[in-house]
Amino acid sequence: VVALPDRDLEVWNLHLQSTDDGSDVRRAQILELVHWLERDATTPFAVVLGDFNCAPGEPDFVLLCERLAALGFERSGCDRPTYDPSRNPLAEPVAPMEIDHVFVRGHVGPRVAHLVHDLPIDGRFASDHFGVEVRLDPAPRSLARSSAR
């Protein structure tokens, strides 16, 4: 929980199963995340983010989006590969994919997601993944209260 000047922001950062045959595990992890959010997410201003190891259009991603939307979360995507071996030598040789995502609840205004840390510094990448940055404006307290759960 991050204490902001006029409210708290809950941040949930996670990493789901990564192997190609890990879909059953990922689905179980998504359902467990939803259970935790239903039980433990107490503020209307929240962010769920991380390496979900599933891309738009895949069944696990559809499940994730549907379950988080039911809890008031909306996806902020950069619509660009966050795992891209054609640009990043640290990534395993697979097709480029967008598998790092940010979901937000209790915001106002446009949420524009940007790919960050996608260029090497002194010839080195920080990770095999690129980052996603989303700038948020919290909804007024009255709007945030009415939109939570």
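## Overall fold

Strand 2, helix 1 and strand 3 form a right-handed β-α-β unit; a crossover is called right-handed if, with the strands pointing away from the viewer, the path from the first strand over the helix to the second runs clockwise. Helices (H or I, at least four residues) and strands (E, at least two) are DSSP runs numbered from the N terminus.

This is a predicted model, in which local features need pLDDT of at least 70 and side-chain atom pairs count only at pLDDT 80 or more, while totals for chains, interfaces and linings use all residues. Residues are numbered from 1 along each chain as its sequence is written, and side-chain values use heavy atoms, with hydrogens and water left out.

Five strands make up an open sheet with the order 1-2-3-5-4 and mixed pairing. Strand 1 and strand 4 (74-76) lie at the edges with a single partner strand each, so one side of each has no neighbour in the sheet. Two strands are taken to pair if DSSP finds at least two bridges between them.

Strand 1 and strand 2 run antiparallel and are joined by two bridges; the bridge partner of V2 in strand 2 is L9. Strand 2 and strand 3 run parallel, with six bridges between them, and W12 stands opposite V48 in strand 3. The pairing of strand 3 with strand 5 is antiparallel and extends over six bridges, with V102 in strand 5 as the bridge partner of L49. Of the six residues of strand 3, five are buried, and the strand is thus mostly covered. Buried denotes under 20% relative accessible area, exposed over 50%, and partly exposed the range in between (1.4 Å probe, protein chains only).

Helix 2 lies across strand 3, strand 4 and strand 5 (100-105), and runs at about 15° to strand 5. Such angles run from 0 to 180 degrees between N-to-C directions, the axes being lines fitted to C-alpha atoms, for helices over the stretch in contact.

F61 belongs to helix 2 (residues 59-70) and is buried, its relative accessible area being 6%. Not counting residues up to four places away in sequence, F61 touches C54, A55, P56, R75, H101 and F103, where contact means heavy atoms within 4.5 Å. The C-alpha atoms of F61 and R27 are separated by 9.2 Å, although the two residues are 34 residues apart along the chain.

S76 is located in strand 4 and counts as buried at 2% relative accessibility. With neighbours within four places in sequence left aside, S76 is in contact with V102, V104, R111, A113 and V134.

## Cysteines

The structure holds zero disulfides, a disulfide being a pair of cysteine sulfur atoms within 2.5 Å. C54 is in no disulfide, and the nearest cysteine sulfur, that of C65, is 7.8 Å away. C54 is buried, with a relative accessible area of 0%; C78 is also buried, with a value of 11%.

## The loop residue R7

R7 is placed in the loop between strand 1 (2-3) and strand 2 (8-15), and counts as buried at 11% relative accessibility. The side chain of R7 makes a polar contact with the side chain of D6 (2.9 Å). A polar contact is a pair of N or O atoms within 3.5 Å; within protein, one must be able to donate a hydrogen and the other to accept it, and residues adjacent in sequence count only if both atoms are side-chain atoms.
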